[in-house]
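Colleague: I have some questions about how the terms are applied here. Can we take them in turn?

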Amino acid sequence: MHYPVVATDLLQWRRQQLERGGQPSELDWLLDLEGGLPWQKQQQLRLYPEEPVALAVPLSRLAELWQQYLQQHTPLQYLVGRCPWRDLDIKVEPGALIPRQETELLVDLAQGLIGPQWANPPMRWADLGTGSGCLALALARSWPNSLGWAVDQSPQALALAKRNLSTETGVQLRQGSWWAPLHDCLGQLDLVVSNPPYIPTEIWRDLEPQVRDHEPELALHGGSDGLDAIRAITAGAAMALAPGGWLLIEHHHDQSAAVLELLAAGGLEQREAHQDLEGVKRFASGRRQAAPT
Ligand SMILES: C[S@@+](CC[C@H](N)C(=O)[O-])C[C@H]1O[C@@H](n2cnc3c(N)ncnc32)[C@H](O)[C@@H]1O
């Protein structure tokens, strides 16, 4: 169903909504994702003001969502139920973290560590704290014949991950804490990625309401120094990885040195910090010693 509106009327509606508050880029995101009007078409509104454009939902629906966003600080991604992430369209809902742009890099880093082909298929990987399942989906698509395990403690997150991973027959979902649900594949994992909760308590308390009041604490809060989850993951890594297997973790902007130490304490080698697109060390990797040849 399409809802036609003349470009100039849409521009006037947009101005009215922005007078109520919010940022133009956020309203344009809503127009794109829920209104079905891609950014490119939005650019043409001023060029062809008398042309009709077709929206996927009525303007009243978009105004309602915008109002909810402004009044309750509900993230737009939860309101529309979707989030573009890498080349994927990830379903999102309250109860699971909204995938973040920086986490997209974990997939590129994993591809850099492992390479496009796995010499001895099937490659076995796990995603610890899978949330929406975004990383698991990207890994499954990167290595189509691999076997994957997507772990989360939250049943709500796993229910969402199940929907996002419904096409991926090689991925199993497991509920429980970090390595515990992987008891039957310990020592066999060639790659483990994790974007665990890593925000220290004091910072978590001061997060903007849009995040703190709407996204799950379990997904964000990493204890007093933010490292509780990373301690648990690094401590079990050498037991869980296959010889030569890699662990790759996302962390807070000031945790690089601490995480590298935890990787060392966990017995991993070839430890390395990796930067995000702004040059900040936000990721770390380490490897279990390869078997002697
Ligand atoms: C930062 S979120 C990451 C979600 C998703 N991987 C992403 O990148 O968008 C961390 C995830 O870890 C999960 N989690 C927290 N504690 C856990 C635990 N002890 N065992 C397994 N998963 C846990 C949370 O439920 C949440 O889904």
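**Reading the assignments**

Modeller: Start with the hairpin of strand 3 and strand 4. There are 2 residues between the strands, and R86 takes a positive phi near 50 degrees. Keep in mind that this is a predicted model.

Colleague: What makes strand 3 and strand 4 a pair?

Modeller: Two strands pair if DSSP finds at least two bridges between them. Strand 3 and strand 4 (residues 88-91) have 4 bridges, so they pair, in the antiparallel sense. C83 stands opposite I90 in strand 4.

Colleague: Which side chains of strand 3 (residues 82-85) are buried?

Modeller: Those of C83 and W85, which point to one face.

Colleague: Why is H253 called exposed?

Modeller: H253 has 12, so H253 is exposed. H253 lies in the loop between strand 9 and helix 13. H253 touches V280 and R282, leaving aside residues up to four places away in sequence.

Colleague: How do you know that the span of helix 1 is close to the expected value?

Modeller: The expected span is 1.5 Å times one less than the number of residues. Helix 1 (residues 7-20) has 14 residues, for which 20 Å is expected. Helix 1 reaches 20 Å from its first C-alpha to its last, so the span is close to expectation. G21 follows helix 1, with a positive phi near 135 degrees.

Colleague: What makes the sheet of 7 strands open, and which strands are at its edges?

Modeller: The order is 7-6-5-8-9-11-10, and the pairing is mixed. The edge strands are strand 7 (171-175) and strand 10 (269-275), each pairing on one side only. Neighbouring strands of this sheet are turned by 15 degrees against each other on average, direction ignored.

Colleague: How do you know that strand 10 pairs with strand 11?

Modeller: At least two bridges are needed. Strand 10 and strand 11 (residues 281-287) are joined by 5 bridges, so they pair; they run antiparallel. E272 stands opposite S285 in strand 11.

Colleague: Which helices pack on this sheet?

Modeller: Helix 8 (residues 155-164) is one of them, touching strand 6 and strand 7. The direction of helix 8 makes about 170 degrees with that of strand 7. Helix 6 (residues 104-114) lies across strand 8, strand 9, strand 10 and strand 11, at about 155 degrees to strand 9.

Colleague: How many of the 293 residues of the protein count as buried, in percent?

Modeller: 38%.

Technical notes. Residues numbered from 1 in each chain as written. Predicted model: local features only at pLDDT ≥ 70, side-chain atom pairs only at ≥ 80, totals over all residues. Buried ≥ 20, exposed ≤ 12 C-beta atoms within 10 Å, placed from the backbone. Axes fitted to C-alpha atoms, helices over the stretch in contact; angles between N-to-C directions. Contact = placed C-beta atoms within 7 Å.
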